[in-house]
Amino acid sequence: MRASGEPYIIHPLEVAEVLAEMKLDSSAIAAGLLHDSVEDTPATNEEIAAEFGHQVAHIVEGVTKIDKIQFANREDRQAENVRKMLLAMVSDVRVVLIKLADRLHNMRTLEHLSPDRQEAIARETQDIYAPLAHRLGMGKVRGELEDLAFRYTDPVSYEKVAEAVEARRLEGEQFLKGVEDTLVEQLRENGIEARVEWRIKRLYSIFQKIERSKVSFDQVYDLLAIRVITQDVAACYAVFGLIHTLWRPVPGRIKDFIAIPRANRYQSLHTTVMGASGHQFEVQIRTEEMHRIAEEGIAAHWKYKAGGGAAVTARDEERLNWIRQLVEWQKEMTDPNEFLSSLKMDLYPDEVYTFTPKGKVVVVPADGTPVDFAYTIHTEVGHTCVGAKVNTRMVPLRTKLRTGDIVEIVTQKDHKPSRDWLTFVKSPRARNKIKHWLNEDQRRRAVEIGRKLLEREARKFKVPMSQISDQDLGRIANEYGVATAADLLATLGQGKHSAHQLLSKLSPGYAAQADAEPAPETKLPSTAESAMSDAVRKLHLTGSDSLQVEGQNDLLVYRARCCNPIRGEEIVGYVTRGKGVAVHARSCPNVQNLLYESDRRIAVEWSRVGDQTPGRRQRYPVKITIYCDDRAGMLKELTAVISDDNTNIKGVDIRQDENGEAIIEFVVEAEDLHHLNRMVLGIRRVPGVRTVQRRQKL
């Protein structure tokens, strides 16, 4: 039985129906019916292959979650399941189509689960599955997934937006019907064969616009949209001209995605125009083929022959090339959290279209730089990049590129990537390649330092290095949680172990000698490289009394000022040389820049000392910014909500934005993330409050 009380078979039947609506083949629909059988029943993949064929078994295997491996936490398991799905998807895209159909039905019936499970599944859908549908061009699936997830990730905002849309729906629908009638008449008079549709913008899209632009609902001008679907490309441009003779275009809102398609192969002409009554509305113009691709994406072309082979178009190949590149980049990432954060960045890019001097289009992310451009061309071009010309003028490497720029990269042999590049590159490809090179370079230096430390310790006690081979080091490597001699020397160079410990294992005679004659503390020469050996320093706990390194309580631990994490947040620790362990919220932007130094990462946890008694727990200062109407009594209502939750207000600042709306900043003391979320929920229910944001930096 499902959590809803209905028979479990309903779920695979519904998944199969979604796949049938996508017009997929019988193998995909069979795999949809069987997609949970290996995971949730005694059936094996071998039985499925015997009964239904190897193709169906291969797809089911790709969809089945990893359950036989023990993971440290839920995030690692999630990351590896997503990685497995992407790998399977390269050889057969039906794997991800079934996964999307599975998630779509689960989201449609999510109300039957507990609130915690609802939010976790909805958040994963918003972060991974909806963006994945977007990258595959599946606009219809992506839209439904986003709206379903929005209901559970932010119920207050969902209710507000839904109420505002419903209040204007009747007026909007009447207006759009009037526009439709006018347009149909004009198309007929001009002899253009086309059909006209209209729609009101999706709830999640409206919310994103309000959040991104800090505007009120009344200022969302593309709430209403008309879609004109023609027979060919020439007709698209004819309709485009006709629209601008009927209504005045809004400057800066014209986009030609037919000439330059989006990365997911989406094509359309977009323009926003002003109606006679002052209503702004968006018009999208596309052919029937473009419309099918915009709605169904890769599923629109994925037709399977009777023999089991796939008829793949050139456009499908372009989509799959993105997936293959993605998988190739991810191979260099061993850390699951780094993999997931990088994947999320790559799934939902805003794009800028630039050109090489020879006219080839190169797509880089919004705010992308010449370094992003260089790595998009080739890894070696990125590594050896020393300068760039944009529109024939030399520019700094951190210059933000704009659509239409002609970019020429200047390279120099033997030049190496700079760590500073990580502060401004935007593309996951560039970031991953730079991190990979820096990791390799840092590891090489750590191995050299580790070897020097071991040699010096050996000389001090007259242990011949000729007696210590790499085989000997490899033999004890497992005891220190690493695989090879080089790995062991690297951990020594990074300060995770001492040369004294290693030599004791390698030369028992040395241990007795060391006991008889205590060795002075080993120190590296004062070079730039020597800082690595000081990476971990044992100190008495004088930092935050609510944090500790997992399994230890004698390391200096402190909360990073850049993100100011509070109890209940997911946290990650980074060794700060000479200062101890800085603890960041996992969502902190700086964590992205620190991920390349995976050797400095250390597991941290919120300690339980002194936090057992409610009311006596440590409180954390948090800054929250409220965008709201500037009306009498607003401040009184907000402070009442905060103080009613037994929260101390440490500071308040009030100002107006250029539109005359109020921006109120509070510094409050929160016990933990649950306390903060409860407070924010109360604030958002105050009439006139549009957005509440937490400012990580105080």
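Guide: A salt bridge here is a side-chain nitrogen of Lys or Arg within 4 Å of a carboxyl oxygen of Asp or Glu, and by this rule the count comes to 28. The model is a predicted one, in which local features need pLDDT of at least 70 and side-chain atom pairs count only at pLDDT 80 or more, while totals for chains, interfaces and linings use all residues. Residues are numbered from 1 along each chain as its sequence is written, and side-chain values use heavy atoms, with hydrogens and water left out.

Begin with a pair inside one helix. Arg 445 bridges to Asp 441, with 3.8 Å between the closest N and O atoms. Because these two are four residues apart in helix α18 (residues 428–460), about one helical turn separates Arg 445 from Asp 441. Helices (H or I, at least four residues) and strands (E, at least two) are DSSP runs, numbered from the N terminus. Both Arg 445 and Asp 441 are buried. Buried stands for under 20% relative accessible area, exposed for over 50%, and partly exposed for what lies in between (1.4 Å probe, protein chains only).

Other bridges connect separate parts of the chain. Arg 694 and Glu 569 meet through their side chains at 3.1 Å, N to O. Arg 694 is partly exposed, as its relative accessible area is 24%, whereas Glu 569 is buried at 11%.

A salt bridge also joins Glu 671 and Arg 619, at 3.3 Å from N to O. This pair links distant parts of the chain, 52 residues apart: Glu 671 sits in the loop between β22 (662–670) and α25 (673–684), and Arg 619 in the loop between β19 (604–606) and β20 (620–628). Glu 671 has a relative accessible area of 12% and is therefore buried, while Arg 619, at 23%, is partly exposed. Elsewhere, Arg 142, Glu 146, Asp 147 and Arg 202 form one network, joined by salt bridges that share partners.

Now to the strands. Strand β5 (residues 269–274) has five of its six residues buried, so the rest of the structure largely encloses it. Two strands count as paired if DSSP finds at least two bridges between them. Strand β3 (residues 248–249) runs antiparallel to β5, with two bridges joining them, and Pro 249 is opposite Val 273 of β5. Strand β4 (residues 255–256) is also antiparallel to β5, again over two bridges; here Lys 255 has His 270 as its bridge partner. With strand β6 (residues 280–287), β5 makes six bridges in the antiparallel sense, and Thr 271 faces Val 283 of β6. The hairpin of β5 and β6 has five residues between the strands, and Gly 278 takes a positive phi near 90° there.

Last, the surface. Ile 9, Leu 13 and Leu 33 make up a nonpolar patch with about 260 Å² of accessible area together. Patches consist of residues with over 30% relative accessible area and no salt bridge, where like charges are joined within 9 Å and nonpolar side chains (Val, Leu, Ile, Met, Phe, Trp, Tyr) within 5 Å. Accessible areas come from the Shrake-Rupley method with a 1.4 Å probe, and for residues only the protein chains shown count as cover. Leu 33 is placed in helix α2 (residues 26–34) and is partly exposed, with a relative accessible area of 37%.
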